[in-house]
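Biologist: I'd like to learn how to read salt bridges in a model. Could you walk me through some?

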Amino acid sequence: EDALSCLPQSVEADYPLSDMPETGCHGRARGTAPCAATHAEESRGRHLGEEDVSMADISCSDEESVRKMDMSSDDDLALLEDEEFWCSRCTCAPKFKEPISDVLKKSHYQRAVLASIFGLEEDADGGREGLSLDISEYAEKLRPVQRIDLGCANYMAEGMMYIRDLFPYMPALVHLDVRGNKIGPDGCRHLSDILRHLVNLEFLSIFNNQVCDAGLMLLTDALHNVKSLKTLELGGNNIRSCGAERLGEYLTHKPTLVSLEMGCNHVGNEGATSLGRALALNTCLQHLRICNNNIGSEGSVFLA
């Protein structure tokens, strides 16, 4: 009974996917507030399922068809003059219609992040005459930034690689949302590099990103450096028992975390057992969402 008394005060039970809200999410459109509808849903305790995030309309070209170059070309310079290609003031990552250089792609991804930050929209539009983007020029403007919302914006693993250089300039960041970007385990490697710089982070959402066990192992290693994290959202990431075991090890050493979202994964009874035993040693976690995880009565005993 003493061990059970240490478990979270709120544990949400399983419910069918058909009961989940049919609400889409997309990156902020031009001139609109960042994901207001999404945050309104969160405030009512509703979370999106994997089927709610449709990436069909914002898919990039296949990696095999993308030309890799070290130097920018005349074709890249011509593309800079193409208004339709540039997609200015849009917080979504670029949709490349033609093979382009790494230099130009990096500039596009980084400008998309700048466009998502209030007060830097005009800076993101500027400087089209140059292919590269000198982030150090924005150091003073990035330093006080506390919130970045990049949800459902088509970054994927490649985009995470290109934007990671921005985050050392944002030591005050407390809120990072990268949900629905299909970053996968490879993207988690780059996200782990980002997290090592965000020691003041309090909220992190990686919901619906195909993280899997391999990606979660990378992330938990990096999250040990984030001493102030309070909310972690990992739902819809195909996390199984091995990932749940690693997450349990993390939870036993995370005194600040108060909310963990793990819905729509596949931790099963074995994973639930690992999490339950870890939570018995964690006295701070207050809310655990672990619905739709193939957990039977055997695993539920450890989460009761």
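Predicted model: local features only at pLDDT ≥ 70, side-chain atom pairs only at ≥ 80, totals over all residues.

Biologist: Is Arg164 buried or exposed, or partly exposed?

Modeller: Buried means under 20% relative accessible area, exposed over 50%, and partly exposed in between (1.4 Å probe, protein chains only). Arg164 has a relative accessible area of 27%, so it is partly exposed. Residues are numbered from 1 along each chain as its sequence is written, and side-chain values use heavy atoms, with hydrogens and water left out.

Biologist: Which residue forms a salt bridge with Arg164?

Modeller: Side chains of opposite charge can pair when their charged atoms come close. The rule here is a side-chain nitrogen of Lys or Arg within 4 Å of a carboxyl oxygen of Asp or Glu. Arg164 pairs with Asp193, with the closest N and O atoms 3.2 Å apart. Arg164 sits in the loop between α7 and β3 (175-177) and Asp193 in helix α8, 29 residues apart; helices (H or I, at least four residues) and strands (E, at least two) are DSSP runs, numbered from the N terminus. Asp193 is partly exposed too, at 31%.

Biologist: What about Glu261 and Arg289, buried or exposed?

Modeller: Both are buried. They form a salt bridge at 3.6 Å between the closest N and O atoms, linking strand β6 to strand β7.

Biologist: And how many salt bridges are there?

Modeller: The count is 11.
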